[in-house]
2 protein chains.
Amino acid sequence: MATTPIDVLTLRRGCAHCTLQQLCLPAGIGREELERLDEIVKRKRPVEVGERLFRQGDGMDSVFVARDGAFKTVLVSEDGEEQVIGFHLPGELIGLDALGSGEHRCEAVALTRANVCEVPFDDLSGVAARIPGLQRQLMRVIGQSVGRDQDHREILVRRQASERIALFLHGLSERFEKIGQAADRLRLPMSREDIARFLGLALETVSRGFTRLQEDGVIAVHGRKVEILDMDELQRLAHGAEGDAPPKKGARSG
Amino acid sequence: MATTPIDVLTLRRGCAHCTLQQLCLPAGIGREELERLDEIVKRKRPVEVGERLFRQGDGMDSVFVARDGAFKTVLVSEDGEEQVIGFHLPGELIGLDALGSGEHRCEAVALTRANVCEVPFDDLSGVAARIPGLQRQLMRVIGQSVGRDQDHREILVRRQASERIALFLHGLSERFEKIGQAADRLRLPMSREDIARFLGLALETVSRGFTRLQEDGVIAVHGRKVEILDMDELQRLAHGAEGDAPPKKGARSG
DNA sequence: CGTGATGTTGAATAATATCAAAATTCGTGG
DNA sequence: CCACGAATTTTGATATTATTCAACATCACG
């Protein structure tokens, strides 16, 4: 437990044997093309908590994908305040924010120790140009990234803290499920403060929100471990339903 | 004043003579290429207030650019609530939200009568593939679009209504200036309600915010006409400065 | 078993939403 | 040019909600 030894085999094996295959760039790409992709993908030593993949102003040399662990992307304003603009789970591309300008507008910070794949963007574009499937995958992944940004905005326009929090947890749950983890037993990789800066709320408000959800029997909280007890209700709350009349009492059927 | 006759000449002339030339897709494209672009650009009859360019779920057939007038893009949730996710001034591409999925996630509504150019996306991709300059322009414009989304998020994470409003006005001012209109005399094309739904605030809060800014001598408000009297102060307010110690007193010089 | 970081809780304060009404603007037609 | 009505905007009073400052609890880790 104390040490997570680097799985050298996994490192060598490449995309073809990665558990994220179906979620990451390689999804739906043929065997040969996969090998070409493998050639340009760099697998790096584990990244430690707090390490950065890139900083604001860096050129967009590579895009990154975590095979495990988690990252946050943050915007640091002139006065040093940190604004969290996204969280990244395994299989979700990191670093596309520089697509427009060629320069990163944010920085990517590791929330946990993580193993990441680095894909040099020039090479990727080159390979993608010759592999229609990869080109399509790239667009798909970019689209997903834009979609997550939209989700974030949909969270932020909500005026009630409870809605934002419910929306956040529900969205995270969906994403965990997508990468093969339990949707109802989340181990949050980020602090309450990170969540607060992501939701545009005070840290204490987030904490209280969690407590409230627990009191209402929607979730169970143990620090960063969150168990979702009533997914339907969580979703209801995420869409403006007040604490008024949850169709409880032997809930989901009638 | 009562009638704005359709300028047939302008309609015929095409991109080469459009006043938006340097801001729109054609910027920096050679004469011949411009003609090829012209061939695929459709110029439509004026769009009336409230008309939609596309709706949620529509396929991304075209992208649009207003030559004059203004649009909003809105997200309509299941329960019929409207969320404003963007405003579009002349020269700003509309309809890129569908890039990822191929389907529009939002709908584009005319805020004023407007003349728009429609660019069929398939054709555009085709032409762009053969014109490196256009390809680059397209990326630039997409990047700008993503940038405006980021700006919106940066507005929404602000916790003070006054900051959001200041940020909104300041950003709008910059964009007006970019299209050759006075930066300090804005004719807002959108209602207070639209602004509220864009900023994630109650309509009344927006109104009060405007009034407050007027009382503080930062702007002058006459309905939808807003004059910016102290741009520096507006910018200061946009970045968390309280009403504490504005370096006022014979303001702008010292 | 301390110790610093992280998370929770409480009380007072400040900000915003909500409900209601008045004022203004704008388009339209006389 | 003026008057009218509908829609928009502003303003007021009040209730809700979130923030802030502070203390306390808990967790992770050495």
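1. In this predicted model, B:Arg105 and A:Asp151 form a salt bridge, with their closest N and O atoms 3.6 Å apart. The pair crosses between chains: B:Arg105 lies in the loop between strand E5 (82-88) and strand E6 (107-110) of chain B, and A:Asp151 belongs to helix H4 of chain A. B:Arg105 is partly exposed, at a relative accessible area of 27%, and A:Asp151 also counts as partly exposed, at 39%.

2. Within chain B, a salt bridge joins B:Lys72 to B:Glu82, the closest N and O atoms being 3.0 Å apart. This pair links distant parts of the chain, 10 residues apart, with B:Lys72 in strand E4 (residues 71-76) and B:Glu82 in strand E5. B:Lys72 has a relative accessible area of 9% and is therefore buried, the cut-off being under 20%. B:Glu82, at 23%, is partly exposed. In chain A, salt bridges with shared partners join A:Lys72, A:Glu82 and A:Asp194 into one network.

3. A:Glu92 and A:Arg148 form a further salt bridge, the closest N and O atoms being 3.9 Å apart. The two residues are 56 residues apart, A:Glu92 in the loop between strand E5 (82-88) and E6 of chain A and A:Arg148 in helix H4 (residues 132-156). Both A:Glu92 and A:Arg148 are buried. Over all chains, the count of salt bridges comes to 32.

4. A:Asp58, A:Asp61, A:Glu103, A:Asp122 and A:Asp123 form a negative surface patch. Of these, A:Glu103 is placed in the loop between strand E6 (93-94) and strand E7 (107-110) of chain A. A:Glu103 counts as partly exposed, with 44% relative accessibility.

Key:
Residues are numbered from 1 along each chain as its sequence is written. Chains are lettered from A and ligands numbered from 1 in the order in which they are written. This is a predicted model: local features need pLDDT of at least 70, side-chain atom pairs count only at pLDDT 80 or more; totals for chains, interfaces and linings use all residues. Side-chain values use heavy atoms; hydrogens and water are left out. Patches are made of residues with over 30% relative accessible area and no salt bridge: like charges are joined within 9 Å, nonpolar side chains (Val, Leu, Ile, Met, Phe, Trp, Tyr) within 5 Å. Accessible areas come from the Shrake-Rupley method with a 1.4 Å probe; for residues, only the protein chains shown count as cover. A salt bridge is a side-chain nitrogen of Lys or Arg within 4 Å of a carboxyl oxygen of Asp or Glu. Lys and Arg count as positive and Asp and Glu as negative; His and the chain ends are not counted. The place of a charge is taken as NZ of Lys, CZ of Arg, CG of Asp or CD of Glu. Helices (H or I, at least four residues) and strands (E, at least two) are DSSP runs, numbered from the N terminus. Buried means under 20% relative accessible area, exposed over 50%, partly exposed in between (1.4 Å probe, protein chains only).
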